[in-house]
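This briefing covers the ligand shell, the sheets and the helix contacts of one structure. Keep the model open while you read.

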Amino acid sequence: MSEPVRICVTTTSRTYDVLVGAGLLDELGRHLAAVLCPDVAFVVTDTNVGPLYLERACTSLREAGLKVASVTIPAGESHKNLSTYGSILSAMAEAHLTRSSLVVALGGGVVGDMAGFAAATYMRGIPVVQVPTTLLSMVDSSVGGKTAIDLSVGKNLVGAFLQPSLVVADVQTLSTLDPYVFADGMGEVVKHAVLADPTLFTSLEERPVTQDADEAYLCEVVATNVAIKRDVVATDEQERGLRQTLNLGHTIGHAIEAAGSYREGHGHCVAMGLCHIARAAERKGWAEPGLAQRVERCVALQELPIATDITPAEILGQAAHDKKRHGETINVVVPTRIGAVEMRTIDFEQFGELVELGCRPMQSEA
Ligand SMILES: NC(=O)c1ccc[n+]([C@@H]2O[C@H](COP(=O)([O-])OP(=O)(O)OC[C@H]3O[C@@H](n4cnc5c(N)ncnc54)[C@H](O)[C@@H]3O)[C@@H](O)[C@H]2O)c1
Ligand SMILES: [Zn+2]
């Protein structure tokens, strides 16, 4: 196996590597032992990922001389709650984990967020290694150190910051994903390209990313996206608010997601939100001509939707609850050309105008 791509992430609390490669699951123990020597490596996975990859991960950890224990939680966002969180903590205590132990999060963003939060709080905090197995968790949730669980009144309301000690992304695991879940991750990939990377954007136009793409291309796309997220997160301390640019497409995307009662995946809603704000920005004269059509085409090439049936009134109703809203104003990230965005604080009336402006796809104007 060729050596993985290594992306070094530096934050105020920790410096760690994100390894991206094909077949890395079998190398997990070796890479982990190079940075940490826990008394027990406790693997948290879910009922979909466990049957596919738990044995391989545990074997690799044991081969590196580590003592291993695990827990399998029910798969899905509906289980990202206090009850599952409690069951993970109980399993950790029953496995006699100490402050010298370590949590390995093997799964998508749900496992990553929950295992990360359990690690952040067990005995006031033990390290976590993220082993993301969805495209979304590889390019987004495993980097940046946010962990959370949902309450019945809202998503991600309880959480903590815990930077991982290591991230190991094996792109071979993407082959078993449901195609819809794979496409969900592509929503965040296109977003990253629009906000920060014209070269990646051109590459997505010329060579849309499919699940059966060759491993080298998948590694390149994942590694590029990890580096984009890393750069935004790392510079946040100096440039307050830069991290907010990662919300591109999210104000409208979240509203579409909530108005549709979460039937559509997050990445699909981000893709629609991204096209929506690009159209609004162009029609408003804030973005260069042609931008919206280019974004729409690129989104469609990744088999993601470019517009929603949800009405502007419904979108506005949902956005009124958005946490990015400050009193009468709302912060929106506006694309100006491929690779550049600006933050605008606008009043809610102007936001309503943007939502109206962005509804209609560009093709109808061609
Ligand atoms: N912490 C952050 O910064 C951050 C950022 C973005 C999203 N998130 C969170 O991430 C979550 C969404 O993550 P997700 O999209 O990865 O969802 P997920 O973890 O629910 O995974 C989607 C589905 O795919 C299954 N699965 C995972 N890997 C698989 C594989 N390799 N093969 C077959 N099936 C597999 C899972 O069991 C699940 O059914 C949300 O809860 C969201 O809030 C967190
Ligand atoms: Zn997102």
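Axes are lines fitted to C-alpha atoms, for helices over the stretch in contact, and angles run from 0 to 180 degrees between N-to-C directions. On that basis, helix α12 (residues 312–319) and helix α13 (residues 348–358) have axes that come within 9 Å and cross at roughly 140°. The model is predicted: local features need pLDDT of at least 70, side-chain atom pairs count only at pLDDT 80 or more, and totals for chains, interfaces and linings use all residues. Residues are numbered from 1 along each chain as its sequence is written, while chains are lettered from A and ligands numbered from 1 in the order in which they are written. Helices (H or I, at least four residues) and strands (E, at least two) are DSSP runs, numbered from the N terminus.

**Helix α12 and its partners**

- α12 and α13 are therefore oblique to each other; angles under 35 degrees count as roughly parallel, over 145 as roughly antiparallel, 65 to 115 as roughly perpendicular and the rest as oblique.
- Their crossing is right-handed (left-handed if the near helix is turned anticlockwise from the far one by less than a right angle, right-handed if clockwise).
- α12 contributes Pro312, Ile315, Leu316 and Ala319 to the contact, and α13 contributes Phe351, Gly352, Val355 and Glu356. Two residues are in contact if their C-beta atoms, placed from the backbone, lie within 7 Å.
- By class, this contact of α12 with α13 has six nonpolar, one polar and one charged residues. Ala, Val, Leu, Ile, Met, Phe, Trp, Tyr, Cys and Pro count as nonpolar, Asp, Glu, Lys and Arg as charged, and the others, Gly among them, as polar.
- Helix α9 (residues 250–259) also meets α12: the axes come within 8 Å and cross at roughly 105°. α9 and α12 are therefore roughly perpendicular to each other.
- Thr251, Ile252, Ala255, Ile256, Ala258 and Ala259 of α9 touch Glu314, Ile315, Gln318 and Ala319 of α12. The contact of α9 with α12 has seven nonpolar, two polar and one charged residues.

**α6 against α10**

- α6 and helix α10 (residues 266–284) pack at about 35°, with axes 6 Å apart.
- The crossing of α6 and α10 is left-handed.
- α6 residues in the contact include Ala183, Gly187 and Val194; those from α10 include His266, Val270 and Leu274.
- The contact of α6 with α10 divides into seven nonpolar, five polar and three charged residues.

**The seven-stranded sheet**

- Seven strands form an open sheet with mixed pairing, in the order β1-β2-β9-β6-β5-β3-β4. Two strands pair if DSSP finds at least two bridges between them.
- β1 (5–10) and β4 (68–73) are the edge strands, each with a single partner, so one side of each is left without a neighbour in the sheet.
- Neighbouring strands are turned by 15° against each other on average, direction ignored.
- Strands β3 (residues 41–46) and β5 (residues 102–107) run parallel and share four bridges. Val43 stands opposite Val104 in β5.
- α2 packs on the sheet and touches β3, β4, β5 and β6 (128–132); its direction makes about 165° with that of β3.
- Helix α3 (residues 82–94) packs on the sheet too, touching β3 and β4, and its direction makes about 160° with that of β4.

**The β7–β8 hairpin**

- Strand β7 (residues 146–151) and strand β8 (residues 154–161) are antiparallel and pair over five bridges.
- A hairpin of two residues joins β7 to β8.
- Lys146 stands opposite Phe161 in β8.

**Around ligand 1**

- Asn48, Gly108, Gly109, Thr134 and Ser141 come nearest among the 28 residues around ligand 1 (a residue is near if its C-beta atom, placed from the backbone, lies within 6 Å).
- The elements giving two or more residues to this shell are α2 (49–63), α4 (109–121), α5 (135–141) and α6 (179–196).
- The shell around ligand 1 has eight nonpolar, 13 polar and seven charged residues.
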